[in-house]
Structure formats: structure tokens, C-alpha cells
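Open the structure in your viewer and keep the selection tool at hand. The tour goes from one selection to the next and says what is there.

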Amino acid sequence: MNGKTQTGNFFEDFQVGQNIVHATPRTLTEGDVSLYTALYGPRFAVNASSPFAASLGLPRAPLDDLLAFHVVLGKTVADISLNAVANLGYAVGRFGEPVYPGDTISCASTVLGLKPNKDGMTGVVYVRSVGRNQRGEMVLDYCRWVMVRKRDPAAAVPEARVPEFASRVATDDLVVPTGLTVRDYDSALAGSPHRWEDYQVGERIDHFDGMTIEESDHMLATRLYQNTARVHFNQHVEKDGRFGRRIVYGGHIISLARSLSFNGLANAFKLVAINGGRHVAPTFAGDTIYAWSEVLDKAALPGRDDVGALRLRLVATKDRGCADFPLKTEDDRYDPAVVLDFDYTALMPRRR
Amino acid sequence: MNGKTQTGNFFEDFQVGQNIVHATPRTLTEGDVSLYTALYGPRFAVNASSPFAASLGLPRAPLDDLLAFHVVLGKTVADISLNAVANLGYAVGRFGEPVYPGDTISCASTVLGLKPNKDGMTGVVYVRSVGRNQRGEMVLDYCRWVMVRKRDPAAAVPEARVPEFASRVATDDLVVPTGLTVRDYDSALAGSPHRWEDYQVGERIDHFDGMTIEESDHMLATRLYQNTARVHFNQHVEKDGRFGRRIVYGGHIISLARSLSFNGLANAFKLVAINGGRHVAPTFAGDTIYAWSEVLDKAALPGRDDVGALRLRLVATKDRGCADFPLKTEDDRYDPAVVLDFDYTALMPRRR
Amino acid sequence: MNGKTQTGNFFEDFQVGQNIVHATPRTLTEGDVSLYTALYGPRFAVNASSPFAASLGLPRAPLDDLLAFHVVLGKTVADISLNAVANLGYAVGRFGEPVYPGDTISCASTVLGLKPNKDGMTGVVYVRSVGRNQRGEMVLDYCRWVMVRKRDPAAAVPEARVPEFASRVATDDLVVPTGLTVRDYDSALAGSPHRWEDYQVGERIDHFDGMTIEESDHMLATRLYQNTARVHFNQHVEKDGRFGRRIVYGGHIISLARSLSFNGLANAFKLVAINGGRHVAPTFAGDTIYAWSEVLDKAALPGRDDVGALRLRLVATKDRGCADFPLKTEDDRYDPAVVLDFDYTALMPRRR
């Protein structure tokens, strides 16, 4: 290894307060939208149809919010998580301006906290990452924490400094896209008659369908996001690794589950917050992903009677249907089939 | 299952004369065109090159007609065929205005007929589906019939009412795209010197090449079309199903066969009718698809000397070359290798 | 086989001096760019971001140069190499104007030489192929030679006529894209601080990462390029062939290796020449590709102090890391893990 190949930061390379500008700004296009459709099969009308988006006051169909999420996260990998052993969680994520074809996303991160593990081999790195478009407008601002290896077990480590995250994004902090006005929402084209008023806190919805993952699918997706984490791509190394095979990028599961959730949540048309989330277990090619949702909370939005916010728990499982809403077992551990426990907030049209 | 998850219509839910507006209008883009190219490898110059399309009087390269077909059909699945056990046939399909990148396709269907099966478990549903662009212009108008399960075997069923379909679209009903004028057709760029005059009724053409299907390919395609039929995606369920594995969307085979048909029919540049068609046998990942064509009929078009119509039978096989044009065996059953028997009409340039 | 199916040219069909216009001009789009990103995961900022490209004086992000290469090569296959048994080498390739989304590429070839093999069954065909955009500007001009089967072993063959190729493209013949001026190159966004001055002749760089190939990936790529060589697609035939399986298109390996080379050569942002190249061994689905580079030469460009040229050897291996730079064994044969030995010239920003 000469000095030009980058092998990523190790735990001892990070400092609290450190700012990192990530490489490779990315112009997103209709080509990325089509690939996203081919990879997950989403059917939300606002992302699929420019006339439908225009009927809501938007200039054209915006990209799926999770496509923006994956691109922003992908940029951080080479600097933050190339030497990670686990992606531990997400918090206080806010989506800002929608991303439209032609927009260019850049990303920078700040190290918020560091916590050495007692084993002396690893530590937890807490970062806040902000993605912006070519006009400098925020498109996604979120925190995540990952467990990162030390290069040198003997390296000095800082004292633990663990940031506190709110358990959810406050309603007042949610960003409604510029121009969005829901006047004549066409329920037939959108695929569901159910509006914000029709969902009750505590209500659970089985999304019913399942989708099997192929190696080619998750690698195409992860390369599209320019996410370079090695565990997703290199069978020659992974055959001797922890699982004997490539691990599917966790975000791939979020997108699959969100696309499956169309069946029951077709009108939850815009993600505005990621309150938290955890990849409970790894997934692999050959796994079939199912999903269910629970309405955690509802909030009217200040000054608006056209859209309301739904806070939703999105749970994904592998190789197990969700008719009985699997989540935890009696000892409060996750059901062995659960792979994702994701907490987000979406906008939904109200009755008027 | 609460009331929000949609499980599709069952046989007893349909009524003759019923109109159904399908969800999720779809703006088609250059991204979809590229994916279509990557999935099937078509080489028809009019779809691949905007300057070539312009030389024929078109504003730019239109989408492959079958891409429009798949998107229109895909929209109908959630309402018509989610509980189908078999896709029985197509009839009287007419292509209207070409679809260009940026166009948005919507689709509505009318139930033309219903025929309960004697087993009391299923029935045949006949529908006419019309896809339109954002200006309301027809892009595809076709009929298909599918065998659909009953939810409740004891449910009352209507008397049989079976529509009669013409065996072919009449020449006068064929739509030549607005602006199309074939003056300086460049045979070298198109890849073949053979014009409409060079094809004889009864002539058969072996398209020679074969293409092997992977699970990832057919699932990418079917998600791109937002076709949600479960049998294509869920190995966890299908491993215990009829075939023990996922079934390839029948339209995927039509597109593979049509792309293979470039070799021999490179100048059959525009589909104008689907006279009929039948998916003779299911296909699976690992199958290699071959194809051959027969010229069923030829028709000059009223008032035009630049293009003529060829009615073609397109036969696809699996794991068997088509040098001897396999179709039926002595007892008039399909050869076991045949998977598709498709009858369509295409435009081809004439000599002038 | 009737007269309409094309089975490609055989060795005895070629004549020195023959000109061939290839079929199917291809309009390249943002959709092709996205697929290229999904297939290889390149991160070069100039191709990923239109604002970054604009900062270098370009109208927008150009396509990856190798995408143009694959499309130009793909057009030649049906005429030149459909009956090839081996793709032997490349020489004196020059990239001209960058290709931008919306450009249409056409291609024509000239037969430069022919050399019958002593076995009487095959011969080598040397061609020069030139790809041009819709304005007739050269985008790629390169030579390759392939071993092609004879249709009839008894057919008369011409006397051997073997062209001589320069071992490299002369510096004065390199084309710098119109408008390119590197003033404010943003190293943080580009992903590397290393400039032309920082690379030394003889320096070797291990690109470290590996990428496993799936059947679906290489077939999607090769169809995207409209490359119809049969060995890549037809498992039904190849199961009984030389290797018992489909062979990956050699260009797929070039693109994988080039994308991996970002790690160490992030600022080698523009290919200007292919000096030579050889596919040393075939690759198959399941292989994991690694790569390393050696700086073969450096050249300042006449009249320019903003960019310089680096001549690079790019070596790809399968199922073997490149920390020790594998190339040849003691008897001057290629290391059995080496699959590609490619010699190209790239532009890189200079310090100013």
C-alpha cells in the first residue's frame, strides 16, 4: 500500500468537532429514478408522475426521499464507515428540499461524539451529516453512529463523549416542500382512499407482499449510491468472513420495506423525518423481505389543513410474513425474523 | 389484514360493464429506455437514435412499443390480475401515438365479460384496457383475459358472458404515428437491406440467438413496469408453490423474443397491433429463450407508399434452437419447448 | 436459416481496405450514465457532477470515456467479431470529443490487415474503428484485432498483411476536450490531493478493493452496449462450450478495474488514449476482480500548465489481491490470476 490508496479512517483518527467534506458530488437524474423503480418497484404517484406532482404544486416529480438518503449516506462511507463493523443507529433526521432530476448533492459531516469500547479494539463514532443541493439548500440532515475498528489496538483513545439525541424530530422542525399544496388530490390515481384522518395511533398494517433479494440487485443499488463499503461487494473476501457471504446494505432493506408499505400507506407520499432506526439483523441474497407498519403518532401541521404528519414504525422481516406483526419476543429481544426497526414521519393528505 | 391493505379483486368482485381507473400514472423517461436496452438488448434504430427517428419525421426516438405495453399492463395488475392463476390471452390490441420520454401514461379498464368455471373455484375475466398519455391520446388499447380465483367458493356468480374478439386488427384501424414519413431510410444504419416487398406470406425466419434469463433480470424488469403480481418476486412463498420457484412475467418473454427478432426483421420498426397472443408455458430463471417468426400476412396501407404492414407470428422457445421452427406436434398440441405464440403487426419501409 | 438472418462475417469474407458502416446509431442519455454507475460504481467527480464538470470548463458532466468505448466497440461486433474465437488486442486508441447525454454515436470500420492461421480454420482480422457523434466529430478512433473462424476451411485466403501499430499514442496526438481548463480544481470533492507532479514513473498502486461479478451484471452491461457476441448470453449453448459457461465481455473487466482505480488515481479524470491492451484470461460470473496500476510514463502537454498526461498500466486479477502487484511469472508468462493488461493515458490536474 503506497500513500495514495485510501483505507479509510480508523477509530483513533476521529476527533470530536472534526468537519469532513466528502468526495464526489453527485448529479441525480431521471436515470437514477428509473433504476430506483427497477430495484424496489415503488408506486407512490408523486414520485412516479410529473403531472401528479404538479397537481400538488411541485415543479415536477421529485426523487424518492430514500434515494436522496442513500446518496447522502453513500458519500460518507469512504470517510466514516469504511472500517466499521456495525451500523448502529440513526437519529434526528430531517428531509429538507425535495431533490429533483438535475440537482447535485454534496455532503459534509461533523463528528459529534466518540466512545471507546472496553475491548480496546473498537469504538463508536457519532456523526451528523448534511446533504445539500447545488444551491446550498439542505436536503437531508441526520445523525448516525457506527462501531469502527482501531487501526492499532494500542493507540490512545479520547474520553467517551456521547451526544444525546431527541427520540423524535419535533413537529415544528418538519420541512414541508416549497410550493406543496394539496387541493385536488386524486385518490384513484394515488391508489388509496385513506387520508390522514383515517389512521389511528396504535393501528398496525400488514403490507402483505414479500420481495426476494438477489446478489445483483443489492450490488447494483449500492454501487448506484457510490457506497463503497467492502462487505457488500467482495465474495472472495467475505467467503472467509463472519457470515461467509456478502452482506446486503442496510438501506436496501429500508427501501424495500418502504416500497412494500405502499400497500396500506399509498398516501404517505413524502418522508419528512427519520426519528430513529436500527438494523436489527443482517440480510443476505436469497432472503425474502416482508414489512408491517404501526402508527406511532399523528400531528397536525401548524397553519395547514391540507396535509398532516404521521409518525410510523416500519418493521421489516426476512422469510416470515407479517400478519401477526412480529417485533419482540417475551424477553424483550427482537423476534429472530426482524431485520429492521425504523421510525419515520411522513406527510399525508387530509380530508377537506 | 386491516381494511387498508389491498388484496386485489376476486372473481366475484367483477361485474360486466365495470370501469376501473388504475393507480399510479407513470412518467416515462430516458432512464426507462436505458433500462429496457440493458434488459433486452434491442437494436432497432428508430428507438436507439434520435437522429434516425428524426429522419423518419418523428420528433425524437420513441420508446420501444413493448415498454409502453408493459407499463400499461403493469397498472392493471393490482386491480385485475392480482389473484389470477393464469394469463390466458390477448386480442385486438392497437398501438396509438408513440410514447416519448417525458410522456405520462395512465390506464383505465372496462370489464367486457365474465365466465365462471365449472370447478366453482375460479372464473375468466375479460377486460379492455386503454393507456393514454398526458394529452389523453390513446397509446395502447387492447383486451386480455385472465383466470381469477374466487375469494369464497360459495359466492354467487353471474351468468357467463363471453365477448367475441376479432382474430386480427383490421388494416384500416392501424394507427401510423403522427408525422411518420419514410423518405430516406438508411438501411446500413438500420442493419438490414430487406424491405416490406422482400417478405413473403408464409416465410419463416429463425432469429438464431438465445438469451438466458436470470432472476435479477426479470425482477428488475417487472418492478420497472410496477407490475406487482406476486409470483414473480417472492421465493419464500413460491418455493412451496406450483413450480417451486418464481415465474417470469410473460411480457418479459415477449420483449426478449422481439429483441432477438432484430436478426431477420431489423426493419420491422414499429408495432401497430397485437392481434392475439398466448403464453403457452411458464418460464423460469435459467431458461434460455430463442425465437422464430412467420409472415402471416401483408397489407399495403391506404394512401401510403412509404410503409406497409406485416402481420407476424412470433414464437419463443426455451432451451431449444428454432432452426426447424418448432410450434405444434402431430396431435396439434404445442411443442413442449414453445413458451410464447404471439401474433402482431408491424410497419416496415417499402421500396420507393 | 433463410437469407434474412445475419450470421456475421467469417474470415474469408474480409478484404484489406474494406469499409464497413455499422448498424444502429445510439443516442446516449442520462439513463445510460446511471446504469454505468450502478454496474461499476465509478466515483470520478467530473463524470458524477455537472457543477464539478462546469468548474473545469465543460458544458456538463461528460459520460465516462469507457462507456463511449463500449458503445463504439459494441456496434462493430455484428460485423467484425460475431464469429471470433478471441479478442486479441487493442492499439493506438485516441479519445476525441467527450460524449455528453443526448449525443448520438455512429461507428464505421476499415479492415487494416488479415493473417490466415496455419491451422486453416481461423485467421486474424485487424480493424480500425472510428466512432463519431451527430456532428461528425471523432469521439474514439482505435484499432483492435480478433481471431475469426472461417466458414469453410477450404476457402481461399489472402496473403498475410499485418499492420504495424505504434506502441503508444504520441503526446502531440492526444486530444484535450474543447473548453477544458483546470483552474480551481477542488481536491476535497474530487477525493484526492494527489496531482500530476505527485506521481513518479515506475510507481505502483494497489487499488485494494475487489468486486464480484454476477451473471446478471455482465449481461445487463453487454446488452446496454448492444454488443451481441453470443458467448456472453447463451448458457444453453455455452454449457457445452469451451468453458461450460458464459464468458464475461472483456470490456466489463476494463470498466471494473478503472472504477476500482479511483482509490489511488481519483484525479486521473479523463482517458485520452488506449495505447494497447490485452485480455489475458477469460472471466466468469463468481470471479472477484482486483486491480493495480503502474505509472509507465509522464508527459507535459504542449502549451498547457493546468493538466498533464500520465501513461498507466492497469492490471486486473481475479480472486487474488494485488498488494504484491502480480503480473508475470519467472518464465515471463502472465501470473495465472491476471486477466487484463491494459495500457492507457489519462489527464490529471497539475499544481499551479
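Bear in mind that the model is a predicted one. C:Ser255 belongs to helix 8 of chain C, which covers residues 250–260.

Next, go to the nonpolar core. The largest one has 180 residues. Select A:Phe69, A:Tyr225, B:Phe69, B:Tyr225, C:Phe69 and C:Tyr225, the residues with the most contacts inside this core. Then keep A:Phe69 and colour its partners. Residues up to four places away in sequence aside, A:Phe69 is in contact with A:Tyr90, A:Phe95, A:Leu140, A:Tyr142, A:Tyr249, A:Ile254 and A:Ile274.

Move on to helix 1 of chain A, residues 30–40. How many of its residues are buried? The count is 10 of 11, so the helix is mostly covered. Among the buried ones are A:Glu30, A:Asp32, A:Leu35, A:Ala38 and A:Tyr40. Look at the two ends in turn. At the start of helix 1 of chain A, the backbone nitrogen of A:Gly31 has a side-chain oxygen of A:Thr29 within 3.0 Å. After helix 1 of chain A comes A:Gly41, with a positive phi near 70°.

Now show chains A and B together. Chain A brings 46 residues to the contact and chain B brings 36 residues. Between them, chain A and chain B bury about 3,300 Å², of which 55% is on carbon and sulfur atoms. Select A:Ala38, A:Arg43 and A:Leu189: within chain A, these lose the most area to chain B, together 17% of what that side buries.

Which links cross the interface of chain A and chain B? There are 4 salt bridges across it. To see a salt bridge between these chains, select A:Glu214 and B:Arg246, whose side chains meet at 2.9 Å, N to O. Chain A and chain B also have 24 residue pairs in polar contact, with both residues at pLDDT 80 or more. Return to helix 1 of chain A: with 8 residues, this helix supplies the largest share of the side of chain A that touches chain B. To finish, colour that side by residue type, which gives 19 nonpolar, 16 polar and 11 charged residues.

Definitions and conventions
Residues are numbered from 1 along each chain as its sequence is written. Chains are lettered from A and ligands numbered from 1 in the order in which they are written. Side-chain values use heavy atoms; hydrogens and water are left out. A nonpolar core is a set of buried Ala, Val, Leu, Ile, Met, Phe, Trp, Tyr and Cys residues joined through side-chain atoms within 4.5 Å. Buried means under 20% relative accessible area, exposed over 50%, partly exposed in between (1.4 Å probe, protein chains only). Contact means heavy atoms within 4.5 Å. Buried area is the accessible area (1.4 Å probe) that two parts lose on being put together, summed over both. A polar contact is a pair of N or O atoms within 3.5 Å; within protein, one must be able to donate a hydrogen and the other to accept it, and residues adjacent in sequence count only if both atoms are side-chain atoms. Helices (H or I, at least four residues) and strands (E, at least two) are DSSP runs, numbered from the N terminus. Ala, Val, Leu, Ile, Met, Phe, Trp, Tyr, Cys and Pro count as nonpolar, Asp, Glu, Lys and Arg as charged, and the others, Gly among them, as polar.
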